[in-house]
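Hello,

Here is the structure I said I would pass on. Please open it and keep it beside you while you read the notes below.

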Amino acid sequence: MTGFAVTLRRAVNRLNVRRSEFFRLSKIILLVVAAFGLYLLIKGIGRKAASARKDDVPAAKPVESMVACAHCDVNLPESEALADNGRFFCGEAHKRLGGR
Ligand SMILES: [Zn+2]
């Protein structure tokens, strides 16, 4: 075998090693990309399911302001409270008794 042939064979061997390395690497890259794609897919499905679930829930009622009874400090919606001179009471009895 001539020196040139040996050199050529070594070069080819090196190239083959490099090529197999490249294929191994590309397989890993493909695996990573596939895993990432799967992750995005699962995340997308999850988000879609979550938004669908959100659509099932009726729109929340506007928040009503709460007031405290001037006599017993119990909190109740403003619409259910009895107003008297800018103060609120939980019922007629406490309105009669007045604030503390
Ligand atoms: Zn009260």
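**Overall shape and burial**

Of the 100 residues in the protein chain, 8% count as buried. Please keep in mind that this is a predicted model.

The protein chain has a radius of gyration of 38 Å, whereas a compact globule of 100 residues would have one near 13 Å. Along the principal axes, the C-alpha atoms fill a box of roughly 120 × 30 × 15 Å. Among contacts in the protein chain with a separation of 6 or more, 14% are between residues 24 or more positions apart.

**Elements and domains**

The secondary structure consists of 2 helices and 4 strands. In sequence order the pattern is α-β-β-β-β-α. The chain is divided into domain 1, residues 1-60, and domain 2, residues 66-97. Taken over C-alpha atoms, the centres of domain 1 and domain 2 are 67 Å apart.

**The nonpolar core**

Which residues make up the largest nonpolar core? It has 7 of them: Val67, Cys69, Ala70, Ala81, Phe88, Phe89 and Cys90. As background, nonpolar side chains in soluble globular proteins tend to be buried together.

Is phenylalanine 89 buried or exposed? Phenylalanine 89 counts as buried because it has 24 C-beta neighbours inside 10 Å, and the cut-off for buried is 20 or more. Leaving aside neighbours within four places in sequence, phenylalanine 89 is in contact with Cys69, Ala70, His71, Ala81, Leu82, Asp84, His94 and Lys95. Valine 74 is 15 residues away from phenylalanine 89 in sequence, and their C-alpha atoms are 8.6 Å apart in space.

With neighbours within four places in sequence left out, the contacts of cysteine 90 are Cys69, Cys72, Val74, Leu76 and Ala81.

Most residues other than glycine have a negative phi.

Aspartate 73 lies in the loop between β1 (66-68) and β2 (75-77). Its phi is near 65°, a positive value in a residue other than glycine. Aspartate 73 is exposed, because there are 9 other C-beta atoms within 10 Å and the cut-off for exposed is 12 or fewer.

Asparagine 85 is found in the loop between β3 (82-84) and β4. Phi of asparagine 85 is near 55°, again positive in a residue other than glycine. Why does asparagine 85 count as exposed? Asparagine 85 is exposed because it has 7 other C-beta atoms within 10 Å.

Regards

Notes. Residues numbered from 1 in each chain as written. Predicted model: local features only at pLDDT ≥ 70, side-chain atom pairs only at ≥ 80, totals over all residues. Rg over C-alpha atoms; globule rule 2.2 N^0.38 Å. Contact = placed C-beta atoms within 7 Å. Core = buried A, V, L, I, M, F, W, Y, C linked by C-beta atoms within 7 Å. Domains from an automatic or database assignment.
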